[in-house]
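Work through the exercises below with the sequence and the model in view. Each task is followed by its solution.

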Amino acid sequence: MHLVMMSALPMMSVLPVLGGGLICAVLRRSQMSLFLLAVSMLSQAVQNGASLKLTGMSSSKVHAFTSSLSSSGSTLVFDIGLNDGTDTSNFLSRGHSVVAVDANPQWAKRARSRFAKEISENRLLVINVGLTGSNQTTTAGTGGMPFFISRTNTRSSFDYDKATKHGPPIHTIHVPVIPCSTLFAAFPEAFFVKIDIEELDHVCVRAVAMMPRDQQPLYIAWENAFKRSTVNVMNKWPIFDLELVMGLARNGFPHVKMSRGFTGTSFGPYLPDQIIDCYVNTSGWRTVPQFVHDGVSCHGDVLWHEPRTAPWPAP
């Protein structure tokens with residue numbers, strides 16, 4: 001299932017999307033001059049890009065990418081959770097410039113080979129790094145963080161249980177980790193942030209909510225969290241995702257859609273405005289208060305629906 005949200009300067013939207021076992025959120029901001037904003041933020045992006053050296057990504061590569069972005073007038077998309085590259089391919093085919101991120105070095109290596117032309121044209125950066133919501137930063141040279149890769153399927157995660165969902169064996173490596181905020185700060189404002197990092201989506205969703213509104217992406221989308229806590233009901237999905245939606249709504253994203261998604265490895269070829277909301281079966285955006293009233297559900301498939309007991313009041 002996916003949740004999609006749209007930012008509101010002056011009109012923003014939040015879209016929950018259900019599909020393929022995913023929930024994705026996309027946010028949209030008002031149409032501003034992305035080109036001019038990219039130019040004005042370029043020096044800051046170059047400065048912050050130095051921090052990506054920890055991942056093996058030199059500041060010169062970041063500079064070349066952001067310079068090309070501003071000179072071409074292209075719009076930036078973050079593909080956080082590159083996986084097999086399907087979404088990155090869709091974004092590139094639509095003319096976007098892409099920063100693709102994945103902790104799994106196998107996916108990063110394949111993408112660098114598959115998209116060598118786009119990389120050489122400075123339309124794509126592939127960054128092999130894990131992301132966190134804290135200020136924690138580690139490098140491969142200092143051990144990095146344990147990352148688990150299945151030997152029998154495409155699953156990989158910092159969460160051992162997630163990586164072994166379909167059973168062991170697994171391969172353990174260590175990868176560098178940086179905060180989501182560091183990644184976002186290294187680049188100009190994005191058109192779209194897509195997040196699918198195996199139940200850690202929330203750390204980058206919260207990083208977006210903490211960004212200054214004039215630097216927020218136009219849209220943000222994420223896969224649902226699937227929290228299974230037996231101790232604290234407030235951490236259970238879909239209530240957990242509702243909290244993320246409400247947090248974004250309080251920080252400039254008042255509209256939302258929910259979709260059944262596309263496949264288990266792709267958010268699909270459609271841009272946020274084209275996605276069909278699976279509750280109302282149209283491509284229109286719902287307000288967050290309406291979403292809270294409707295419940296976290298698709299048509300005929302209620303997942304959570306009791307607005308009187310909603311833990312967060314509608315804004």
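**Exercise 1.** In which sense do strand S8 and S9 pair, parallel or antiparallel, and over how many bridges?

*Solution.* The model is predicted, with local features needing pLDDT of at least 70, side-chain atom pairs counting only at pLDDT 80 or more, and totals for chains, interfaces and linings using all residues. Residues are numbered from 1 along each chain as its sequence is written, and side-chain values use heavy atoms, without hydrogens and water.

Step 1. Helices (H or I, at least four residues) and strands (E, at least two) are DSSP runs, numbered from the N terminus; two strands pair if DSSP finds at least two bridges between them.

Step 2. Strand S8 covers residues 145-150, and its pairing with S9 is antiparallel, over 2 bridges. Within S9, Ser157 is the bridge partner of Phe148.

Step 3. The open sheet has 3 strands in the order S9-S8-S10. S9 (156-157) and S10 (170-175) are at the edges with a single partner strand each, so one side of each has no neighbour in the sheet.

**Exercise 2.** Find which cysteines form a disulfide, and state its handedness.

*Solution.* Step 1. A disulfide is a pair of cysteine sulfur atoms within 2.5 Å. The whole structure contains 1 disulfide.

Step 2. The sulfur atoms of Cys180 and Cys204 lie 2.1 Å apart and form the disulfide. Cys180 is in helix H7 and Cys204 in helix H8, 24 residues apart.

Step 3. The torsion about the S-S bond is about -70°, so this disulfide is left-handed.

Step 4. Cys180 is buried (under 20% relative accessible area, with exposed over 50%, partly exposed in between, 1.4 Å probe, protein chains only). Cys204, at 0% relative accessibility, is buried.
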